[in-house]
Amino acid sequence: MSTLVSTDPKQRRRRKRGGDRWMSEVKGILALLAAGFGLVALATFDPSLPPGNQQGPTGPVGAWLGWAGFQSLGYASLLLPVLLGAWGASAFLRPLVVRGWAPFAGLAMLLVSAAGLLTQATSVKSGGVGGGLIGHAATGLLHSGFGNVGTWLALVSAIPIGVLCVTRASYAAVLRVTSSRFT
């Protein structure tokens, strides 16, 4: 007697993976759409004007999005649509996906350190646009324990650590591959 349904688990796994591919591409397209909208909203937002007085190409939703971004992260908020766009594009490129809490911790570390560095660089101490409220809070906390030089060192060192958490790509391996390509 022949069976109509295969019981081979490899075949089922293959079919399932291909079947979910369209859904990840839909998510990628939506992420790219949101990233483009967010980037235009943040790039055209004038932090010196209140959101109700903004006349931008993204309308009132974009004005409020720009206001929230600049209040929370300052100019570092421009990284959010770039990161969202990279995630959306990865749906089409099939990169190795890093799972777990480490990529989220790395992204948070990157955003907080970028906001803190912008606050440090612009010397904004009143929670203004430089790095937003998050940058002001991060630098205030670090200043109280480590002073000015220690704050700079902590914020600068957080960037490569955040990149390692997100990508899990060894800097030594990247250096070896790069140096072998040049020789």
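These are my notebook entries on a predicted model of one protein chain.

**Entry 1: the whole chain**

I began with the secondary structure. I found 6 helices and 0 strands in the protein chain. Read from the N terminus, the elements run α-α-α-α-α-α.

Next I looked up burial. Of the 183 residues in the protein chain, 27% are buried. The chain exposes about 12,100 Å². Carbon and sulfur atoms supply 70% of that area.

Then I checked contacts along the sequence.

**Entry 2: the aromatic rings**

How many aromatic pairs does the structure hold? I counted 3. One of them is Phe45 with Phe70. This pair is stacked, at 5.5 Å centre to centre and with 20° between the planes. Phe45 lies in the loop between H1 and helix H2 (59–73), and Phe70 lies in helix H2, so the pair ties together parts that are 25 residues apart in sequence.

I also looked at Phe70 with Tyr75. Why is this pair edge-to-face? The ring centres are 5.1 Å apart and the planes stand at 85°. Planes over 60 degrees apart count as edge-to-face, so the pair of Phe70 and Tyr75 gets that label.

Are these residues buried or partly exposed? Phe45 has 9% relative accessibility, so I noted Phe45 as buried. Phe70 has 4%, so Phe70 is buried as well. Tyr75 has a relative accessible area of 43%, so I noted Tyr75 as partly exposed. Phe45, Phe70 and Tyr75 form one aromatic cluster.

Val26 is partly exposed because its relative accessibility is 33%.

I then moved to Ala91, in helix H3 (residues 79–93). Ala91 is buried because its relative accessibility is 11%. Its C-alpha atom is separated from that of Ser24 by 5.9 Å. Along the chain, Ala91 and Ser24 are 67 residues apart. I left aside neighbours within four places in sequence and found Ala91 in contact with Arg21, Ser24, Glu25 and Gly28.

Leu65 came next. Leu65 lies in helix H2. Leu65 is partly exposed because its relative accessible area is 40%. Leu65 and Gly38 are 27 residues apart in sequence, yet 7.4 Å apart in space, C-alpha to C-alpha. Beyond neighbours within four places in sequence, Leu65 is in contact with Phe37, Gly38, Ala41 and Leu42.

Where does Thr58 lie? I found Thr58 in the loop between H1 and H2. Thr58 has a relative accessible area of 13%, so Thr58 is buried. With neighbours within four places in sequence left aside, Thr58 is in contact with Phe37, Val40, Ala41 and Ala63.

**Entry 3: the nonpolar core**

In soluble globular proteins, nonpolar side chains tend to be buried together. I looked for such a group here. Which residues make up the largest nonpolar core? There are 5: Leu73, Ala76, Leu111, Ala114 and Ala115. Helix H4 (residues 102–122) gives the most to this core, with 3 residues.

Not counting residues up to four places away in sequence, Leu73 touches Leu80, Leu111, Ala115, Gly130, Gly131, Gly132 and Ile134.

Leu80 lies in helix H3. Is Leu80 buried or partly exposed? Leu80 has 38% relative accessibility, so Leu80 counts as partly exposed. A core is made of buried residues, and buried means under 20% relative accessible area. Beyond neighbours within four places in sequence, Leu80 is in contact with Leu73 and Leu111. I also noted Leu107. The C-alpha atoms of Leu80 and Leu107 are separated by 9.5 Å. Along the chain, Leu80 and Leu107 are 27 residues apart.

Technical notes:
Residues are numbered from 1 along each chain as its sequence is written. This is a predicted model: local features need pLDDT of at least 70, side-chain atom pairs count only at pLDDT 80 or more; totals for chains, interfaces and linings use all residues. Side-chain values use heavy atoms; hydrogens and water are left out. Buried means under 20% relative accessible area, exposed over 50%, partly exposed in between (1.4 Å probe, protein chains only). Rings of Phe, Tyr and Trp (its six-membered ring) pair if their centres lie within 6.5 Å; planes under 30 degrees apart count as stacked, over 60 as edge-to-face and the rest as tilted. Helices (H or I, at least four residues) and strands (E, at least two) are DSSP runs, numbered from the N terminus. Contact means heavy atoms within 4.5 Å. A nonpolar core is a set of buried Ala, Val, Leu, Ile, Met, Phe, Trp, Tyr and Cys residues joined through side-chain atoms within 4.5 Å. Accessible areas come from the Shrake-Rupley method with a 1.4 Å probe; for residues, only the protein chains shown count as cover.
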